[in-house]
Amino acid sequence: MTESPPASLTGNANYFEDFTIGDRLKHVRGTTVGEVENQLLTKLVMNTAQAHFNEHAMKDTPFGQRLVFGLVTQDVAENAIAELRLDKLRFTAPVFHGDTLYAYTEVILKTEVEREDAGEVTFRHWGVNQEGKVVFEGERTVLVRRRSYWVKQ
């Protein structure tokens, strides 16, 4: 993947008006995935795939250990009113306990809607592990607050 270095997203520049099609953002915080994230999420959604919670069953597979269940990103939806769609989701490589993940986002569409308080933004998200290998990609459409409506000057 050839690209210019993504800009960091910090502060409160995450209202509808702040996003521009083509913007690329590197999320400020990475996370090292531990046992708690995997076990909690897997059991909360009652995911019965042994690949996520049975170490013994996974030891003789090509992976040799459990796989971590999916994770999400936050920064670009801090002013979200609603999550509208998730599309083209793909897990492209396994994630294991102890992997450190970093998220990136590109703004691919902005849509005016018939609301004074918000607009729709479609993002392409991808995540990489500590070796820079893409482990997840997908698109997400969010109804995002308008600064002009919510922030009183």
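Among contacts in the protein chain (heavy atoms within 4.5 Å) between residues at least 6 apart in sequence, 68% join residues at least 24 apart. The model is predicted: local features need pLDDT of at least 70 and side-chain atom pairs count only at pLDDT 80 or more, while totals for chains, interfaces and linings use all residues. Residues are numbered from 1 along each chain as its sequence is written, and side-chain values use heavy atoms, with hydrogens and water left out.

**Overall organisation**

The protein chain contains four helices and seven strands, which are DSSP runs numbered from the N terminus (helices: H or I, at least four residues; strands: E, at least two). Along the sequence, these elements follow the pattern β-β-β-α-α-α-β-β-β-β-α. The chain has 153 residues, of which 37% count as buried; buried means under 20% relative accessible area, exposed over 50%, and partly exposed in between (1.4 Å probe, protein chains only). The accessible surface comes to about 9,200 Å², and 54% of this belongs to carbon and sulfur atoms. Accessible areas come from the Shrake-Rupley method with a 1.4 Å probe, and for residues only the protein chains shown count as cover.

**Nonpolar cores and surface**

In soluble globular proteins, nonpolar side chains tend to be buried together. A nonpolar core is a set of buried Ala, Val, Leu, Ile, Met, Phe, Trp, Tyr and Cys residues joined through side-chain atoms within 4.5 Å. The largest nonpolar core has ten residues: Phe-16, Phe-19, Leu-25, Val-76, Ala-77, Val-107, Val-121, Phe-123, Val-142 and Val-144. Strands β6 (118-128) and β7 (134-145) are the elements that give two or more residues to this core. Beyond its neighbours within four places in sequence, Phe-19 is in contact with Asn-14, Leu-25, Val-76, Val-107, Lys-110, Val-121, Phe-123 and Val-144. Another core, of seven residues, lies apart from the largest one and includes Ala-93, Val-95, Val-135 and Phe-136.

**Salt bridges**

The structure holds twelve salt bridges, each being a side-chain nitrogen of Lys or Arg within 4 Å of a carboxyl oxygen of Asp or Glu. Three of them are listed below.

| Glu-106 | Arg-24 | 3.5 Å |

In the salt bridge between Glu-106 and Arg-24, Glu-106 lies in strand β5 (residues 100-111) and Arg-24 in strand β2 (residues 24-27), so the pair ties together parts that are 82 residues apart in sequence. Glu-106 is buried at 17% relative accessible area, whereas Arg-24 is partly exposed at 22%.

Glu-35 is partly exposed, with a relative accessible area of 37%, and Arg-66 is buried, with 10%.
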